[in-house]
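Subject: Model handover and contact notes

Hello,

Here is the structure for your files. My notes on it follow below.

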Amino acid sequence: MSKVIFFKHPLKLIFIVMLGCICLFPPANAFAVENRTAAPDQTVSGTVTDGAKPLAGATISIKGGTRNTVTDARGSFTISVSGSSSVLVVSYVGFETQEITVGTRTNLSITLQSSSTELNQVVVVGYGTQRKKDVTGAVKTVKSEAFNKGIINSPQQLLQGKVSGVNVTSVSGEPGAIQGITIRGPGGVRTGNTPLFVVDGLPLDNAATSGVGDPLNFLNSADIESIDVLKDASGTAIYGSRGANGVIFITTKKGKAGVAAVNFASTVGFSSLARKLPVLTADEFRTEVPKLGGTLDNGGTSTDWQSLITRNALSQNYNLSMSGGAEKLTYYASFGMQKQEGIIKANSLDRYTGRINVTQKLWDDKLIIDANLSYGATNNKRPPITGMIGDAITNNPTYAATDASGKYVPYTAFNNPLLNIELDKEITTVNRLLGSITTTLRLAKGLSYKLNFGIDNSTSTRDVEALPATIPVRIGRLDTYNGVNRNTLVENYLTYNWAKNKHNFSALAGHSWQEVFIQTRNYSISNFPISQIEPIYNPATGTQLTLADNRPGGSAIVNELQSFFGRVTYAYDSKYLLTVNFRTDGSTKFGGNNKYGYFPSFSAAWKISDEAFMKNSVFSNLKLRAGYGVTGNQEIKPKSTQALFNVTTGSGYPLAATGSYPSGITYVRFANPDLQWETSKQTDIGLDFGLLKGALTGTIDVFRKQSSNILLEVVPFDPVSPIALTYQNVPNMKITNQGIEFELDYNHRNSKGVSYNVGANFTYMKNNVEGSPYSILASGSAQGSGLTGATVNGYLNGQPIGTFFLKEFIGFDASGISKFRDLDNDGIITDKDRISAGTALPNVIYSFYGGLGYKGFDFNVNFNGVSGNKVYDNTANSNNYKLKLSKNVNVTREAIASPEESVNNSAPVSTRYLYDGAYLRLNNLAVGYTFNTSKMGNFGKYVTAMRLSITGQNLFVSTKYKGFDPEVNTDRNIAEVTSYGLDYLSYPKARTFIIGLNISF
């Protein structure tokens, strides 16, 4: 295993020296005794609310003094003041600060008003935070109260429909399945267009440890406080080689000083198949088979195979959290358990999570230590899902699944999918521990040093078991796959802030080192006896263990990334803002001639609403932004730049005219020291605005992102190369994404307790490939009988990524055989007659939502949709045509909809099975009631808040697509060239109803 190390010992030395300096040489006055004020002579108490509910954690301080306090979970506070002339300053994030003169009052009821467009909201950016009103790039923050509700397996689902320019695709209805997400469209040809995720300051590796499921499944959505999305390069360039696809920051919850709270949340969900494929019923099957000239194989019963393999699934979710602390120490701790059944039988996902976040302040707050530790354990059980779905939609519906005794019946003409539930299973367990500790030391006025150390370690075991049986005859087999994924991060950086008069300046400079170690091992054994002991529990019962049939395997890789980064921000008069980012990345993935990449960005903003000439305008906020930056993409296979050798036996070079060939070492891959990063250059111009005193807010962004130096696995230029494919930076090839984003939100609350909000976001985006030296790059390999070697997608110049490159179906000839357009008029239908028939990428992504509240009641609804895209129904292509039905294979009604079609007509890949993929989905609908616990007698003394809710998920979909669901993508890439919009026996989506209860103590 080859490994390039930038430095072995200096990092450890820096780490130890920095900690030693903190302990041995604390800042001046680090242990000084806190000054105490004279005893006050008046006590004031009260409550702080937003007009409807209490605000826990609001700060109450004495103007000009040092004493302060915070409200508890009921919004209550008590503070001592020196006299009636004292002024209380009441503040809370997202609300206008109020100043109140105490006078003779001893009890106050304070109502805070929402701040204008929440411009003081803190936004997470790379290696720091900024106030929203000071941000110069395209950044969107989604708080926990705005997250999507329902059964959530990964953080991406929380964002669906919430952020313009972000397309989240639930490509499968299976619990824990990978969630597709792109920000402002895909910029590369290969897989690896996923944004960089940063959890509490630790950048994650997007690899799934188990090889299946979503890599973010370990995170409990109940622990997430906010998600910040950096969309343009002016912000993402601070992450250099990994920022091309955008950056998503996930911030988990923390405790608040003076507010001790215990929260218990429980949900129970009931899921069912949202939409069946309309295959023929048993009676229809008996009627239609003879019409086609087939000999009916009549089993004499009526069976709905889709209903037999699916079920009404139960999901349970329980979360317990504790938070609180004092002025110097705050904590947040949680435990979560989720048990989710899939709507396909024998499929389930169990997840257990634990988290503790602690913040400790020392030395008059000169030293702050943040420690975050989380643990996630998932257990995923699944039968052979793809095969079961294929059987369920094609099996003869006149045959029974069970005999008179209730046993599953094996058939020779087709497979009984219920037997798979008994005989086949796949169990994947993943244990993941993620921890980070961040130490912030204030060295001098405005100058602070931060050390960030994090580790993300996960292990997995995946067992694929086929039990032995006599009917059908099977010898049994067990395949086991073990994985380790370890991600280590060490960062050191300095931050300096300076302000004087109208000038405000900050600077950041730092160094980062990150190592990712990935290891896999696999082994197998066959021929098990039929017994009560399953092979998964005792592989030693297997008797066939040969290198020919059960050769062990494995791999190990180490990737390192060393980076130097910096940022400068400048503001003049709080109206004219400038941000400059720069990062240099060195990666072991690239060759010696291009080890380092350089990624700068620039952005500026003008707060027009703060100008004198806008003083009496209708705008509460009006800010113009513009930015440009360069980012990179390094997502290729490790060691691709290094030479690779192989030991051969009996197939080397001859040393004599006769006799066997001796063993030797041969090249498997030549070195490629010139390989370098993909580069994305992005320009963004945006306008943020607020009207009606901040009640109406919105954002408009126009962007253009162009990727070049495209990394692609292609045929080597060297004709004597020892391998068929090698990575190259394709010269002149460019992929461009450009479009416009629009967001609008209106919030209103009146004095009678009525509140409502409506909003929408809209993205129009255009993608284009140009400069490719290849006439076509094929992807999307079709599956099914007679479709071997056929492809669906094609990358062509002048067309978007995800283009469908197909023969154009134009009807049937006089013999009932399919006709296709002859583009070159040569009288022969070949691949030269294929056309660009649309793309799987939507050019419009939109969402609209609304909410209504009155006293304790609340109602929220969220719709999302896409248009301009198409979906290729490979399921119909491989199964639904007349010839299948004539041979007693079930089909949909659409397969026999054309009477002129011959029963002998074949079904090659063509536009016949290409459908409009646009949809509008009622994604979430929730109704809830928050009880007034203060009026609940003794119960209210211990319970500070209680809410009961009912949520509907995936309640309605409007689409022209004929399959289970239009939001689908079966990965059928070829040589890592990504496929898009292909549906083949995909796991159907569920419609779910959830009852939830939240109680705070």
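Two strands are counted as paired if DSSP finds at least two bridges between them. Strands here (E, at least two residues) and helices (H or I, at least four) are DSSP runs numbered from the N terminus. This is a predicted model, in which local features need pLDDT of at least 70 and side-chain atom pairs count only at pLDDT 80 or more, while totals for chains, interfaces and linings use all residues. Residues are numbered from 1 along each chain as its sequence is written, and side-chain values use heavy atoms, with hydrogens and water left out.

Strands β34 and β35

Strand β34 (residues 710–714) runs antiparallel to β35, and five bridges join the two. L711 stands opposite N729 in β35. Of the five residues of β35 (residues 726–730), five are buried, where buried means under 20% relative accessible area, exposed over 50% and partly exposed in between, with a 1.4 Å probe and protein chains only. T726, Q728 and V730 cover one side, Y727 and N729 the other.

Salt bridges

The structure holds 35 salt bridges, each a side-chain nitrogen of Lys or Arg within 4 Å of a carboxyl oxygen of Asp or Glu. One of them joins D223 and R355 at 3.9 Å, N to O. D223 is in the loop between β14 (202–203) and β15 (224–230) and R355 in strand β20 (residues 348–362), so that pair links parts of the chain 132 residues apart. D223 and R355 are both buried.

R432 and D456 form another, with the closest N and O atoms 2.6 Å apart. R432 belongs to strand β22 and D456 to strand β23 (residues 447–466), so the pair ties together parts 24 residues apart in sequence. Both R432 and D456 are buried.

In helix α4 (residues 282–291), E288 and K291 are three residues apart, about one helical turn. Their salt bridge has its closest N and O atoms at 3.6 Å. E288 is buried at 12% relative accessible area, whereas K291 is exposed at 60%. A network of salt bridges links R184, K231, K623, R625, D684, D688, D701 and E741.

D424

D424 is in strand β22 (residues 424–444) and counts as buried at 14% relative accessibility. Its side chain makes a polar contact of 3.0 Å with that of R474; such a contact is a pair of N or O atoms within 3.5 Å, where within protein one must be able to donate a hydrogen and the other to accept it, and residues adjacent in sequence count only if both atoms are side-chain atoms. Leaving aside residues up to four places away in sequence, D424 touches P383, P384, E465, A466 and R474, contact meaning heavy atoms within 4.5 Å.

Aromatic rings

Rings of Phe, Tyr and Trp (its six-membered ring) pair if their centres lie within 6.5 Å; planes under 30 degrees apart count as stacked, over 60 as edge-to-face and the rest as tilted. The count by this rule is 19 aromatic pairs. For Y746 and Y756 the centres are 6.0 Å apart and the planes at 45 degrees, so this pair is tilted. Y746 is in strand β36 (residues 734–749) and Y756 in strand β37 (residues 754–770). Y756 is partly exposed, at 35% relative accessibility. Y915 and Y961 have centres 5.9 Å apart and planes at 75 degrees, so they are edge-to-face. Both Y915 and Y961 are buried. One aromatic cluster consists of Y127, Y239, F249, Y493 and F565.

Regards
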